[in-house]
Amino acid sequence: MSSTPALSISNLSKVYDNGFAALKGIDLQVEQGDFFALLGPNGAGKSTTIGIICSLVQKSGGSVKVFDYDIDHDFPLAKKQLGVVPQEFNFNHFEKVRDILVTQAGYYGLPRQLAEQRADKYMQLLDIDDKAGQQARTLSGGMKRRLMIARALVHEPRLLILDEPTAGVDIELRRSMWEFLQRVNGEGTTIILTTHYLEEAESLCRNIAIIDEGKIIQNSSMRSLLRQASLESFVIDVQESLPAKLGLDRFSAQRLDDHSLEVTIEKGAMNELFIALNECGIHVLSLRNKTNRLEELFVGLLEENDRRQEQNNAVNGDAA
Amino acid sequence: MSWVELWVAFQTILTKEIRRFMRIWPQTLVPPVITVTLYFIIFGNLIGSRIGPMDGFNYMEFVVPGLIMMGVITNSYSNVVSSFFGAKFQHSIEELLVSPVPSWVVLAGFVLGGVARGLAVGLIVTLMSLFFTQLQVTNMGLTIAVVFLTSVLFSIFGLINAVFANNFDDISIIPTFVLTPLIYLGGVFYSVSLLPEFWATVSKFNPILYMVNAFRYGVLGVSDISVSFALSMIVLFIVAAFSFALYLLNTGKRIRT
């Protein structure tokens with residue numbers, strides 16, 4: 001792996017005109033080729049961070065480098081490396097789909113013929129080529145999302161930033177988008193993803209940063225973060241009706257109905273659970289993981305951050 | 001970006017701008033032609049025939065250059081103000097802001113888009129005027145230079161208006177309350193030599209007076225004011241307006257948060 005990070009953010013801050021500090025000096029590094037999740041609750045500073053990286057928001061302090069190009073001093077080179085899929089639809093709704101893509105390629109200096117080839121390529125890859133001649137406003141929500149992704153890729157950036165790309169998209173389309181993004185990442189494009197679907201981040205991303213109240217509160221690999229999850233809940237469907245007394249006292253078990261129960265176990269206790277179920281004469285039909293581990297960790301980290309914040313406020317209040 | 005890439009980016013913006021006003025031609029090209037044709041019929045033909053010669057020309061001949069300029073000014077301005085504000089309103093301006101295109105290329109692209117519409121309307125109005133009068137251009141070079149520079153200037157003004165506008169009311173206030181009175185009082189329909197001395201002096205603070213008169217000089221060979229002074233004023237205004245518009249785009253005022 002090359003030593004130059006795809007994205008390097010140092011002490012980045014943003015204070016809006018109304019005095020609201022959206023970012024309080026964050027540091028972040030994303031390596032080349034990574035599939036990186038930037039998570040956080042609403043208003044945490046994710047979109048502000050992305051806005052600053054792609055020059056839609058003016059920073060108050062700090063520095064941002066894209067493949068070592070400073071967004072202030074080498075802005076054309078920095079921007080050439082970047083493709084952005086924002087949260088809101090921000091194309092001209094009266095333009096035709098193909099024109100939007102060709103125009104965007106032109107902004108990056110791609111000659112007309114190449115721009116048209118790229119537009120056709122990405123319309124085909126994202127399965128919107130049959131809408132090429134239609135005005136963007138006539139597309140469905142899912143197709144508009146795909147158009148935004150095609151537009152971000154048309155100049156073939158090395159870093160693709162997606163701000164909630166699957167918001168409001170049905171599950172089938174979401175999964176096809178995941179496959180597409182994994183393919184793009186596999187071909188060498190670094191991807192940064194923000195999403196509220198934690199399942200999406202868990203299955204796609206290798207590294208993760210969690211931002212809350214303008215600060216990074218967690219920055220690690222997805223694997224090491226998920227290792228922190230100590231408890232997992234499973235829903236178990238059984239063949240025969242469950243006995244009146246479950247006999248699973250060692251576990252936190254709860255009957256859901258006559259043929260299913262929910263069990264919470266410590267990580268690594270799966271074998272013990274199956275032995276216990278067998279001893280109780282319960283024959284398992286199917287089992288599924290109920291909890292999203294990342295979701296639990298995410299909520300836990302935010303709560304911990306809130307507690308820490310309250311303690312700090314209390315200490316500062318006492319001092320005052 | 002290399003010069004070739006900058007040229008491609010500029011062409012892309014210009015093509016998009018031209019495609020926009022051509023796509024909605026019933027809103028952009030037809031209304032000014034109808035309006036100016038009505039002026040030709042009512043002021044030029046019906047009322048004008050009862051008005052004596054003005055600066056040595058019959059009223060229709062006198063009024064045609066002013067009406068052409070009126071079409072050029074209003075359309076250059078309204079093209080850029082609506083296109084740029086529309087892009088701001090729909091957030092499609094972000095397509096440009098995230099791209100590596102420098103501000104001066106963005107400005108040049110939008111302004112030349114406004115010039116394209118201004119000149120298209122000017123050409124159509126000129127062709128319409130041939131149904132009403134004979135047009136003999138005295139100085140073709142000067143005529144083209146004045147109409148082009150005027151169109152550039154009002155396109156830049158349109159962009160500045162769009163940058164400051166927060167809603168659709170804001171893009172109609174300036175054309176209605178500033179531009180239209182200045183055009184009507186800028187010597188389109190009369191020679192300032194007809195005005196009392198005080199109002200003639202006041203008129204000289206109206207920049208449109210210089211543009212209309214310089215253009216009229218190019219077409220008819222007569223002007224109420226010095227043509228070289230008028231040209232200098234137009235160029236000076238362009239430099240000032242271009243610098244200010246560039247400053248707005250570079251600093252991202254009212255565009256970036």
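A salt bridge is taken here as a side-chain nitrogen of Lys or Arg within 4 Å of a carboxyl oxygen of Asp or Glu. By this criterion, Glu95(A) forms a salt bridge with Arg23(B), the closest N and O atoms being 3.7 Å apart, and the count between chain B and chain A is 5 salt bridges. The model is predicted, with local features requiring a pLDDT of at least 70 and side-chain atom pairs counted only at pLDDT 80 or more, whereas totals for chains, interfaces and linings use all residues. Residues are numbered from 1 along each chain as its sequence is written, chains are lettered from A and ligands numbered from 1 in the order in which they are written, and side-chain values use heavy atoms, with hydrogens and water left out.

The predictor assigns the complex an ipTM of 0.86 and a pTM of 0.82. For chain B, the average pLDDT (the predictor's confidence in each residue, from 0 to 100) is 89, and 100% of the residues score at least 70.

At the interface, 25 residues of chain B are in contact with 30 residues of chain A, contact meaning heavy atoms within 4.5 Å. The area buried between the two chains is about 2600 Å², of which carbon and sulfur atoms give 50%; buried area is the accessible area (1.4 Å probe) that two parts lose on being put together, summed over both. Gln90(B), Glu95(B) and Val98(B) supply 25% of the area that chain B buries against chain A, more than any other three residues.

Helices (H or I, at least four residues) and strands (E, at least two) are DSSP runs, numbered from the N terminus. Within chain A, an open sheet of 4 strands has the order 2-1-4-5, with antiparallel pairing, where two strands pair if DSSP finds at least two bridges between them. Strand 2 (21–30) and strand 5 (69–70) of chain A stand at the edges, each with a single partner strand, so one side of each is left without a neighbour in the sheet. Strand 4 (residues 61–66) of chain A pairs with strand 5 of chain A in the antiparallel sense over 2 bridges, and the bridge partner of Lys65(A) in strand 5 is Asp70(A).

Elsewhere in chain A, strand 12 (residues 252–257) and strand 13 (residues 260–266) run antiparallel and are joined by 5 bridges. These two strands of chain A form a hairpin with 2 residues between them, and Asp257(A) has Ser260(A) as its bridge partner in strand 13.
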